[in-house]
Amino acid sequence: IESLFVRNMILVGLMLLITGALLLIADFIKHVPDALNFKSAFIIGIAQAIAIIPGISRSGATISTALLLKISREEAARFSFLMVIPLIFGKMILDVISGNFLDHVPSVAYLLTGFVAAFISGIVACFWMIRLVRIAKLKYFAMYCFVVGIILVTGKFSGWL
């Protein structure tokens, strides 16, 4: 999977097109919201795992999958942002165990300042995104994915990227 991250613009462009399609489909589905359950949480978790592929938006994949499973917009957004917390803490634990992060940080004070700033801005961003998903249309983000995906694919084939 790591090799997928190295200069593979066509893959990224194609995956952005897939992300856009998924968001567009999820945005137009009309349904009565259902409650989140173990089965839907598992399927949303699979969508998050698939999002390791470059160009697949993690939040786009999890939110649109939840909407396709008839989860309400607000609950889909909230669950999407909550389920990234174990990934973040897992990466932090691996970095602490390996000690590699200390080579790049001038002092512990800088590390703590960065952590606090990232934590606060992350909380604000989560609340803002949950509100945005609840009231806005996903088709706008889908259009962005389509435009960038088309630019990447056509740019790579035409040689200007």
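Reader: Which helix gives the largest share of the lining of the largest pocket?
Author: That is H6, with 10 residues of the lining. Bear in mind that this is a predicted model.

Reader: Which other helices supply at least two residues of that lining?
Author: H4 and helix H5 (85-98) each do, alongside H6.

Reader: How many residues line the pocket, and which lie nearest its centre?
Author: The lining has 21 residues. Nearest the centre are Ile-88, Phe-89, Met-92, Phe-115 and Phe-119.

Reader: How does the lining divide into nonpolar, polar and charged?
Author: There are 18 nonpolar residues, one polar and two charged.

Reader: And what volume does the largest pocket have?
Author: About 630 Å³.

Reader: Switching to the packing. How many residues are in the largest nonpolar core?
Author: That core has 19 residues. Ile-63, Leu-67 and Ala-76 have the most contacts inside it.

Reader: Which helices each supply at least two residues of this core?
Author: Helix H1 (9-28), helix H3 (58-68), helix H4 (73-82), helix H6 (108-135) and helix H7 (139-158). H1 gives the most, four residues.

Reader: Back to Ala-76. What is it in contact with, leaving aside neighbours within four places in sequence?
Author: Ala-76 is in contact with Ile-63, Ala-66, Leu-67 and Ile-71.

Reader: Which residues does the second core include?
Author: The second core is separate and has six residues, among them Leu-11, Met-15, Ala-51 and Ala-61.

Technical notes. Residues are numbered from 1 along each chain as its sequence is written. This is a predicted model: local features need pLDDT of at least 70, side-chain atom pairs count only at pLDDT 80 or more; totals for chains, interfaces and linings use all residues. Side-chain values use heavy atoms; hydrogens and water are left out. A nonpolar core is a set of buried Ala, Val, Leu, Ile, Met, Phe, Trp, Tyr and Cys residues joined through side-chain atoms within 4.5 Å. Buried means under 20% relative accessible area, exposed over 50%, partly exposed in between (1.4 Å probe, protein chains only). Contact means heavy atoms within 4.5 Å. On a 1 Å grid over the protein atoms alone, a cavity is a set of points where a 1.4 Å probe fits but cannot get out, and a pocket is an open set with protein on both sides within 12 Å along at least five of seven lines; lining residues have an atom within 4 Å of a point. Grid points are joined across faces, edges and corners, and a volume is the space filled by probe spheres set on the points. Ala, Val, Leu, Ile, Met, Phe, Trp, Tyr, Cys and Pro count as nonpolar, Asp, Glu, Lys and Arg as charged, and the others, Gly among them, as polar.
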